[in-house]
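Please study the structure, then work through each task and its solution.

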Amino acid sequence: MVLASPALALEVSRCRALREQREALASEAMGAELILVRQVRERICGQLTRQADRANANERPPAAGGGEPATDYEALIHCRQQSEQVLKDSQPLRYRNRLGFTFYTPSGASLARRADEVQRSLLAEACPAWLRGEPEPASPPPR
């Protein structure tokens with residue numbers, strides 16, 4: 001039986017804390033952006049957006065001839081594309097994170113920058129991929 005050394009336990013703890021900090025910052029940053037996106041979508045195609053929100057996987061689709069019409073997903077796709085274009089045209093790009101996600105809100109951009117800084121710390125600390133919250137690279141198949 002091999003016992004982990006106190007140094008290894010400390011490293012695991014430090015890496016896990018950094019990963020959790022990064023995930024919390026990234027989640028909060030995304031939340032700020034989602035609020036903005038929902039506001040733009042509501043302004044452009046509010047009724048369709050609300051209808052699609054109600055038609056989630058937890059609800060049964062409306063019965064034929066029932067009260068609410070089926071969701072027009074083609075129109076929803078167009079609405080989302082139009083909303084993205086409105087955002088690009090009306091908001092300054094404040095930050096693009098390490099994964100390429102665009103941030104338009106000051107708070108989202110600030111939080112995303114901080115999350116990327118913590119990610120750099122994870123790499124500088126030489127935290128293993130599984131402690132950074134990333135999948136381990138696939139090992140080559142045996143010959």
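**Exercise 1.** State the volume of the largest pocket and identify the residues that line the largest pocket.

*Solution.* The largest pocket has a volume of about 280 Å³. On a 1 Å grid over the protein atoms alone, a pocket is an open set of points with protein on both sides within 12 Å along at least five of seven lines, and lining residues have an atom within 4 Å of a point. A volume is the space filled by probe spheres set on the points, which are joined across faces, edges and corners. The lining consists of Glu-33, Leu-34, Val-37, Arg-41, Arg-80, Ser-83, Glu-84, Leu-87, Lys-88, Phe-101, Thr-102 and Tyr-104. Two or more of these residues come from each of α1 (6-54) and α2 (73-90); helices are DSSP runs (H or I, at least four residues) numbered from the N terminus. The largest share, 5 residues, belongs to α2.

The model is predicted: local features need pLDDT of at least 70, side-chain atom pairs count only at pLDDT 80 or more, and totals for chains, interfaces and linings use all residues. Residues are numbered from 1 along each chain as its sequence is written, and side-chain values use heavy atoms, without hydrogens and water.

**Exercise 2.** Describe the largest cavity and its lining.

*Solution.* A cavity is a set of points where a 1.4 Å probe fits but cannot get out. The count comes to 1 cavity of 30 Å³ or more, and the largest cavity has a volume of about 30 Å³. Its lining is formed by Arg-41, Thr-49, Ala-52, Asp-53, Leu-76 and Arg-80. Here α1 gives the most, with 4 residues.
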